[in-house]
Amino acid sequence: MDMKAKSAGLEGLNFDNSYARLPERWYQRREPMPLKGAHLASFNPQVAAMLGLDPCELDPRELVPFLNGDQPIPGADPLAMKYTGHQFGFYNPDLGDGRGLLLGEVVNPAGERLDIHLKGAGRTAFSRFGDGRAVLRSSIREYLAGEAMAGLGIPTTRALCLIASEQFTQRNGMEPCALLARVTPCHIRFGHFEYFYYTRQYDELKVLADYSIERYYPDCAKADNPYLALYLEVQERTAELVALWQCYGFVHGVLNTDNMSILGETFDYGPYTFLDQYIPDFVSNKNDHESRYAFEKQPEIVLWNLSAFAQALVPLVPQQELEQALTTFMGRYRYYEQKRMRARLGLQQEESGDAELIAGLKKLAAEQRLDMTRFFYRLSELGDGDDAGLTDLMALSPEPSALADWVEAYRQRLAREVASAPIRQAQMKAVNPRYILRNYMAEEVIRAAHAGDYRPLNDLLPLLRDPGSIHPNLDHYAQQPPDWAGAICLTCSS
Ligand code: AMP
Ligand code: MG
């Protein structure tokens, strides 16, 4: 077979399952348990193309029997991974893929290696009291979030397709089950390292670190201490990731160490929120009673998670070197945060007062609970001496006079920029989307899907993938959210 050719189906993909060649104790081999009445709800041609599938030749419905476990996928070697991790600050030794299976690794025509993971595939050795299933509601939310993040340019897992079913399980009442085929190069979590560390399997820990370096960070192999270099790479990517979350008002909701990818991608979407209003202490997950994962705490929580990851590397790296590395995290986080905020404000040159200008905006935004997505979009439309644009911007504020001083300082600062207004506007539009995935949008799509209508879901995807362009048929999503949006209640239930 020509390995470079695109394939019309999963059965033609080039699988090479390196994780399945690691020691058997690291996972449980398992086949997916079919769902009743499985049917395609959505197919993602962009992710299909990433895998080397030919979206023009492929009939996406033919994916269903393979992903539903009715038919084995030639070359796949499905397994449930063992990992552990800290949940809400406490170590849980009993985690692992309780409802997900790594189906296998695809080497695409460009030679890139991508995992296909099936979420909701039935019970495994790590299911504990769970049913091994994912419901349609949470699967839709994860699918949408992956596309939204990709559209914003924020590192994320994505999905090849969403499969709905006629099988029900107990969550918020009885809910339909679904399957999500998640695609990403990396399913290794901080918790994989914690598992070997806390079970004192230090030889295995080294094998895992070597595997991670070889597969994700090959340059680290050349460093004096490759494992310290690995830690630093993970920290760097994670610092940039959380900075982007903060810039776009993303609240993850369950920032446990088992939900942290060593590739620095947003991973394992649960009760997340993109803020409708800038509320620093916003908690997205109603089960998070101590507000551990509040929006403004995410950078320090991510640092806490990195220190848990660093702890797991202590058998491989002198502790003081890891401690020293950890002290640099906040600086790296701030660097990436300021960089993106300056871009969102259209500030190309760096000036000493920029940090203060940004801090001033965040303070105002919090006081006035501003909708920052709409605020930045209108800011990107502002021309020099544009009074109508200014009126539009001020209209977003419940107390425009309080905003006036900041706007004046901002305009003075802009006057020192070299770029002309049209160029600045174009640059700002590239980082200031017209739309963002708000919870109420996901909710509307879920309600329709529960009624058997997947059109709203599929119609929303192009908007999420390209949130900077105007989508005329869905342009109401650029407006203020409806009143009921604030009442949406999200929990860990998924
Ligand atoms: P999550 O909250 O999705 O990040 O999952 C945390 C842990 O619980 C992981 O080990 C999951 O595999 C497991 N888990 C979550 N939901 C289920 C379920 N319905 N059945 C079995 N295991 C589950
Ligand atoms: Mg998880």
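Is Arg128 buried, partly exposed or exposed? Arg128 is partly exposed, at a relative accessible area of 45% (buried means under 20%, exposed over 50% and partly exposed in between, with a 1.4 Å probe and protein chains only). The model is predicted, so local features need pLDDT of at least 70 and side-chain atom pairs pLDDT 80 or more, while totals for chains, interfaces and linings use all residues. Residues are numbered from 1 along each chain as written, chains are lettered from A and ligands numbered from 1 in written order, and side-chain values use heavy atoms, without hydrogens and water.

**View 1. Two arginines with positive phi.** Arg128 has phi near 50° and lies in the loop between β7 (113-119) and β8 (134-135). Arg200, with phi near 55°, is exposed at 65% relative accessibility. Helices (H or I, at least four residues) and strands (E, at least two) are DSSP runs numbered from the N terminus.

**View 2. The magnesium ion (ligand 2).** Asn259 (OD1) and Asp268 (OD) coordinate the ion at 2.0 to 2.1 Å (donors are N, O and S atoms within 2.8 Å of the metal, or 3.2 Å for Na, K and Ca; water is not among the atoms, so sites may look incomplete). Both Asn259 and Asp268 are buried.

**View 3. The largest pocket.** Its lining has 38 residues, with Arg128 among those nearest the centre (a pocket is an open set of points on a 1 Å grid over the protein atoms alone, where a 1.4 Å probe fits, with protein on both sides within 12 Å along at least five of seven lines; lining residues have an atom within 4 Å of a point). Helix α3 gives the largest share of this lining, three residues.
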